[in-house]
Amino acid sequence: MPQLDFGNPLMIAQIVWLLIIFGVLYFVLSTYALPRVEEVLEDRRRRIEGDLEAAQAAKAEADAAIAAHREATSKARAEAQAAIAAAMQSAQAEATQRSEALAARLAEQITAAEARIAAARDSAMGALRQVSTETTEALLQRLTGQSDQAAVGAAVDRALAARGLG
Amino acid sequence: MAAETGTIDALSQFQLTPVLGPIGAAVGFSQSNAHMLLAAGLITALIMFGMSARAVVPGRLQSLAESSYEFVQGLVVGQVGEEGKRFFPFVFTLFMFVLFGNMLGLLPYAFTYTSHIAVTFGLAAIVFVLITVVALALHGRKFFGYFFPEGAPLWLAPIIIPVEIVSYLSRPVSLSIRLFANMVAGHVMLKVFATFIVLLGGLGAIGPLVAILPLSVNIALVGFEVLVAFLQAYVFAILTSIYLHDAVHLH
């Protein structure tokens, strides 16, 4: 087995070269190469963290905006409802007022009309007695040639009272 | 060589030969060391070129460099804890050096320097010296209490202390032999079956048909060896991390 041939001078030289090459490789890697990798990885980590933070900040901002928007919407809705309620109330009040005024006017007209009717009836009733008396007197004049004014008046009054018109 | 002589020669692939002409021969620079240099160059190139873009969204080479970095870092931090971060460059170098040695060795005509017990023991010795120095530097004389766990009955000391010392001293041995044996076994198997292909292929008309059998075995073996190459590098790195944990925390 050539590996166990320790008498070979190349064997010692191989170990010496191994130590030299390994040492140089260790020096190069630890001094130049590995810090470079570390730097890049660290840079990436920082960048990702920064991006995540920015995203979180943006999310918080968006949340705040949504909350503000929601608040504004609910406020506007409340205002609108209040305005609607006020308008309805005022409209109702106006309508009530109007209908009351109308009813009052109608009642007034009714009263006036009733008064006029009563007056017309009274005057008609007054005229009725005169017309009846005159008609009765004229009939009696034609039929009998005489008339007793007082008796006729009493008879007419009686007849009117009997009909409930006197 | 093996096929021409009709014998199976699975071990000559581990023979060291000087490269770079007379200069290489003068300084004992073998093909094994040339592959170490190649592996070191590839590792450095992977990190330096891979990270040269410094892109936030990594390309292919950069993701490879980054994932190897994070893999080893997760391994070290997971085993040793946060204070293990200062050993990370060492474990990373060790892991990549072993991994690239194992992987490069699977390429045709390549030499596997991790198949040399001297190399694996050299690496294990570095680990052993490091963990011992770290433990002594951090804990001073208390480090020797490691060999006699607190609370154990005193009369057991004559048994426990030698056992603990032997197990501590056998760490570099087991670490190096595990890697060495795995790599040698894999490469010997590959060579043996590859020789079968050539030998059987020469058996007249039926030869090429029969030779398919060792060929398919070899194809499966190469896939298996890739797994072993990664796994042994991982085992080497994680055992180093466990030893470092013991050195830092003393149990």
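Two residues are taken to be in contact if their C-beta atoms, placed from the backbone, lie within 7 Å. The model described here is predicted: local features need pLDDT of at least 70, side-chain atom pairs count only at pLDDT 80 or more, and totals for chains, interfaces and linings use all residues. Residues are numbered from 1 along each chain as its sequence is written, while chains are lettered from A and ligands numbered from 1 in the order in which they are written.

By the contact criterion, 29 residues from chain A and 35 residues from chain B take part in the contact between the chains. On the side of chain B that touches chain A, two or more residues come from each of helix H3 (31–50), helix H4 (60–80), helix H5 (88–105) and helix H6 (117–139) of chain B. Helices (H or I, at least four residues) and strands (E, at least two) are DSSP runs, numbered from the N terminus. H3(B) gives the most to this side of chain B, with 9 residues. By class, the residues on the side of chain B that touches chain A comprise 23 nonpolar, 10 polar and 2 charged. Here Ala, Val, Leu, Ile, Met, Phe, Trp, Tyr, Cys and Pro count as nonpolar, Asp, Glu, Lys and Arg as charged, and the others, Gly among them, as polar.

Chain B contains 9 helices and 0 strands, and its elements run α-α-α-α-α-α-α-α-α from the N terminus on. Along the principal axes, the C-alpha atoms of chain B fill a box of roughly 75 × 55 × 40 Å. Of the 251 residues in chain B, 33% are buried. A residue is buried if 20 or more other C-beta atoms lie within 10 Å of its own, exposed if 12 or fewer, and partly exposed in between, with C-beta atoms placed from the backbone. Among contacts in chain B between residues at least 6 apart in sequence, 63% join residues at least 24 apart.

The axes of H3(B) and H4(B) come within 8 Å and cross at roughly 120 degrees. Axes are lines fitted to C-alpha atoms, for helices over the stretch in contact, and angles run from 0 to 180 degrees between N-to-C directions. In this pair, Leu46(B), Ile47(B), Phe49(B) and Gly50(B) of H3(B) meet Leu61(B), Gln62(B), Leu64(B) and Ala65(B) of H4(B). The contact of H3(B) with H4(B) has 6 nonpolar, 2 polar and no charged residues.

H6(B) has 23 residues and reaches 32 Å from its first C-alpha to its last, close to the 33 Å expected at 1.5 Å a residue. The expected span is 1.5 Å times one less than the number of residues in the helix. The buried residues of H6(B) include Ile117(B), Leu123(B), Val127(B), Phe128(B) and Ile131(B). The buried residues of H6(B) pack against helix H1 (9–144) of chain A, and also against H5, helix H7 (157–201) and helix H9 (212–249) of chain B. Just after H6(B), Gly140(B) takes a positive phi of about 60 degrees.

Most residues other than glycine have a negative phi, and most peptide bonds are trans. Leu20(B) is not a glycine, yet has a positive phi of about 65 degrees. Leu20(B) is placed in the loop between helix H1 (2–5) and helix H2 (21–26) of chain B, and counts as partly exposed because 14 C-beta neighbours lie inside 10 Å. Tyr109(B), in the loop between H5 and H6 of chain B, also has a positive phi, near 70 degrees. Tyr109(B) is exposed, with 6 other C-beta atoms within 10 Å. Gly202(B) lies in the loop between H7 and helix H8 (207–210) of chain B and counts as exposed, with 12 C-beta neighbours inside 10 Å.

In chain A, an unreviewed UniProt entry annotates residues 12–35 as a "transmembrane region". The chain is 100% helix and 0% strand over residues 12–35 of chain A, with end C-alpha atoms 34 Å apart. UniProt positions are given in the numbering used here, feature names are shortened, and annotations may be inferred rather than shown by experiment. The UniProt annotation "coiled-coil region" (unreviewed entry) covers residues 38–72 of chain A. Over residues 38–72 of chain A, the chain is again 100% helix and 0% strand, and the end C-alpha atoms are 50 Å apart.
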